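Thanks for coming. Please have a look at the sequence and the model on the screen, and then I will go through a few parts.

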Amino acid sequence: MNLENISCQKSFGGWHKRYRHRSATLNCDMSFAVYLPPQVEAGERLPVVYWLSGLSCTDENFMQKAGAQRMAAELGLIIVAPDTSPRGPEVPGDPDGGWDFGLGAGFYLNATQAPWDRHYRMHDYVVHELPALIEASFPVTDRRGICGHSMGGHGALVCALRNPGRYQSLSAFAPICNPMTVPWGEKAFSRYLGEDRSAWREWDASFLIAQAAERLPILIDQGDRDDFLPTQLKPETLRAAAEAANHPLAIRMQAGYDHSYYFIATFIEDHLRHHAQSLKPV
């Protein structure tokens, strides 16, 4: 679990750092970003919020564009942002050259189909390998939250719903709520998981929420001017499934907002406060 520090910048009294390491789960080198608020230098151990980014992003987008460091410093939250897929010359991308599959588009699942199954196991990386590395290397508590945007919102929902007790807080921005019924998800799932659609359900939040073993409250923000809303995101499907299962879910439709980081930056304070409230020591 050797970590190579590849950059370091001071921010709001804390430190934004990027690291590279060899991932046994993904069979390649991976990078991640971490924000360590100033309380770390005072010797405090802090809870962690894992941020999962969307299609075509890397670990850098959120840290540079969301403006989360100020609130993370105030609230005493460590933020960890992994990459969105495995990387490297040995990792296959989209054979058709698309941006919505392969490199930058791991969909936070465990692929079962060749050649993707050798590398594309982002679910196990995010849920198990990366937290083990973080908890062995940084002054963190065992309190974890998870959040994400678009494909990363889908990932956050699925990681929490599939792993009861693993996370104490959950939120998402414009998540892909019902991926097995939308173009992005159908393309990814058919290649990563095969053509048997029944196997897709274990990676779809709108199906998982019905069988969730815990009732972890979910906060979702969605812009009503999001170009992807009617064709790719399907929050109404998740809302109906949550209501049927009596699962606590707040979907806030935000007037005038789109799918961009301007939207995320506007509401990131609300989400970090949502996480901080649940991540306080019990």
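**Gln168 and its surroundings**

Leaving out residues up to four places away in sequence, Gln168 touches Asp142, Arg143, Arg144, Leu216, Ser278 and Leu279, where contact means heavy atoms within 4.5 Å. Before I go on: this is a predicted model, in which local features need pLDDT of at least 70 and side-chain atom pairs count only at pLDDT 80 or more, while totals for chains, interfaces and linings use all residues. Residues are numbered from 1 along each chain as its sequence is written, and side-chain values use heavy atoms, with hydrogens and water left out.

Where does Gln168 sit? Its place is in the loop between helix H4 (151–162) and E7. Helices (H or I, at least four residues) and strands (E, at least two) are DSSP runs, numbered from the N terminus. Gln168 is buried, with a relative accessible area of 18%; buried means under 20% relative accessible area, exposed over 50%, and partly exposed in between, with a 1.4 Å probe and protein chains only. The side chain of Gln168 also reaches the backbone oxygen of Gly165, at 3.4 Å. That is a polar contact, meaning a pair of N or O atoms within 3.5 Å; within protein, one must be able to donate a hydrogen and the other to accept it, and residues adjacent in sequence count only if both atoms are side-chain atoms.

**The sheet**

Now the sheet. Nine strands form an open sheet with mixed pairing, in the order E1-E2-E3-E5-E4-E6-E7-E8-E9. At the edges stand strand E1 (4–11) and strand E9 (249–254), each with a single partner strand, so one side of each has no neighbour in the sheet. On average, neighbouring strands of this sheet are turned by 20° against each other, direction ignored. Two strands count as paired if DSSP finds at least two bridges between them. As background, strands of a sheet pair through backbone hydrogen bonds, either parallel or antiparallel.

Take E5 as an example. Strand E4 (residues 46–52) and strand E5 (residues 78–82) pair in the parallel sense over three bridges. In E5, Ile78 is the bridge partner of Val48, and Val80 is the bridge partner of Tyr50. Strand E3 (residues 28–36) is joined to E5 by four bridges, and these two run antiparallel; here Tyr35 stands opposite Ile79.

How many residues of E5 are buried? Five of the five are, so E5 is largely enclosed by the rest of the structure. In a regular strand the side chains alternate between the two faces of the sheet. In E5, Ile78, Val80 and Pro82 point one way, and Ile79 and Ala81 the other way.

E4 is mostly covered too, with seven of its seven residues buried. Six bridges join E4 to E6, and the two run parallel. Leu52 stands opposite Gly148 in E6.

**Helices on the sheet**

Helix H9 (residues 261–279) lies across E4, E5, strand E6 (140–149), strand E7 (169–173), E8 and E9, and runs at about 170° to E7. Axes are lines fitted to C-alpha atoms, for helices over the stretch in contact, and angles run from 0 to 180 degrees between N-to-C directions.

Asn61 lies in helix H1 (residues 60–65) and is buried, with a relative accessible area of 17%. Leaving aside neighbours within four places in sequence, Asn61 is in contact with Ala66 and Tyr261. Asn61 and Tyr261 are 200 residues apart in sequence, and 8.7 Å apart in space, C-alpha to C-alpha.

Last topic. On a 1 Å grid over the protein atoms alone, a cavity is a set of points where a 1.4 Å probe fits but cannot get out, and a pocket is an open set with protein on both sides within 12 Å along at least five of seven lines; lining residues have an atom within 4 Å of a point. Grid points are joined across faces, edges and corners, and a volume is the space filled by probe spheres set on the points.

The count comes to one cavity of 30 Å³ or more. The largest cavity holds about 40 Å³ of space, and its lining includes Val49, Trp51, Phe62 and Ile79. What gives the most to that lining? H9 does, with four residues.

The largest pocket has a volume of about 180 Å³. It is lined by 14 residues, and the closest to its centre are Pro47, Gly76, Leu279, Lys280 and Pro281. E4, E6 and H9 each supply at least two residues of the pocket lining.
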